[in-house]
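Please look through the model below before reading the points.

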Amino acid sequence: DMKAELLASKAIEMNQGSATKLPYIIKARICESLENFECSLEHWKQVQQRDQASVSALGGISTSYLNLKKFSQFENSFNTARKYARYYKPLLRAQVKASQEGLKVKR
């Protein structure tokens with residue numbers, strides 16, 4: 001995990017001015033696997049800056065907020081993401097986890 005994180009960070013560093021999203025997506029997913037949800041949120045937001053309608057970014061942002069227990073931000077980002085992709089698997093998993101947390105999300 002540490003080596004993958006280092007390589008993703010290096011790819012981001014090398015593509016600073018680029019509109020490339022992939023290094024940020026990889027870094028966000030690595031941060032998620034390390035349960036560093038502040039880091040994943042930061043990198044999903046970078047993906048969204050490069051592509052406003054990125055379903056993966058919107059799903060990642062909402063999942064990060066849920067994991068950080070920032071429930072109002074989760075609900076806002078979750079509802080926005082669902083407008084783009086109602087049956088996107090990460091959003092469906094987030095919906096299940098949210099209901100386990102006692103949140104009522106629209107189906």
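1. A helix axis here is a line fitted to C-alpha atoms over the stretch in contact, and an angle between axes runs from 0 to 180 degrees between N-to-C directions. Two packed helices are described by the angle between their axes and the distance between the axes. The model is predicted.

2. Take helix H5 (residues 71-84) and helix H6 (residues 89-100): their axes cross at roughly 145 degrees and come within 11 Å. The crossing of H5 and H6 is left-handed.

3. Which residues meet where H5 contacts H6? From H5 come Phe-74, Phe-78, Ala-81 and Arg-82, and from H6 come Leu-91, Ala-94, Gln-95 and Ala-98. By type, the residues of this contact are six nonpolar, one polar and one charged.

4. Most residues other than glycine have a negative phi. Glu-35 is not a glycine, yet its phi is positive, about 60 degrees. Glu-35 sits in the loop between helix H2 (22-33) and helix H3 (37-50). Is Glu-35 buried or exposed? Its relative accessibility is 61%, so Glu-35 counts as exposed; the cut-off for exposed is over 50%.

5. Lys-69 also has a positive phi of about 60 degrees without being a glycine. The loop that holds Lys-69 runs between helix H4 (55-67) and H5. Lys-69 has a relative accessible area of 48%, so Lys-69 is classed as partly exposed. Partly exposed covers the range between buried, under 20%, and exposed, over 50%.

Key
Residues numbered from 1 in each chain as written. Predicted model: local features only at pLDDT ≥ 70, side-chain atom pairs only at ≥ 80, totals over all residues. Heavy atoms only, no water. Helix = DSSP H or I, 4+ residues; strand = E, 2+ residues; numbered from the N terminus. Left-handed = near helix turned anticlockwise from the far one by under 90°. Contact = heavy atoms within 4.5 Å. Nonpolar A, V, L, I, M, F, W, Y, C, P; charged D, E, K, R; others polar. Buried < 20%, exposed > 50% of the residue type's maximum accessible area, 1.4 Å probe, protein only.
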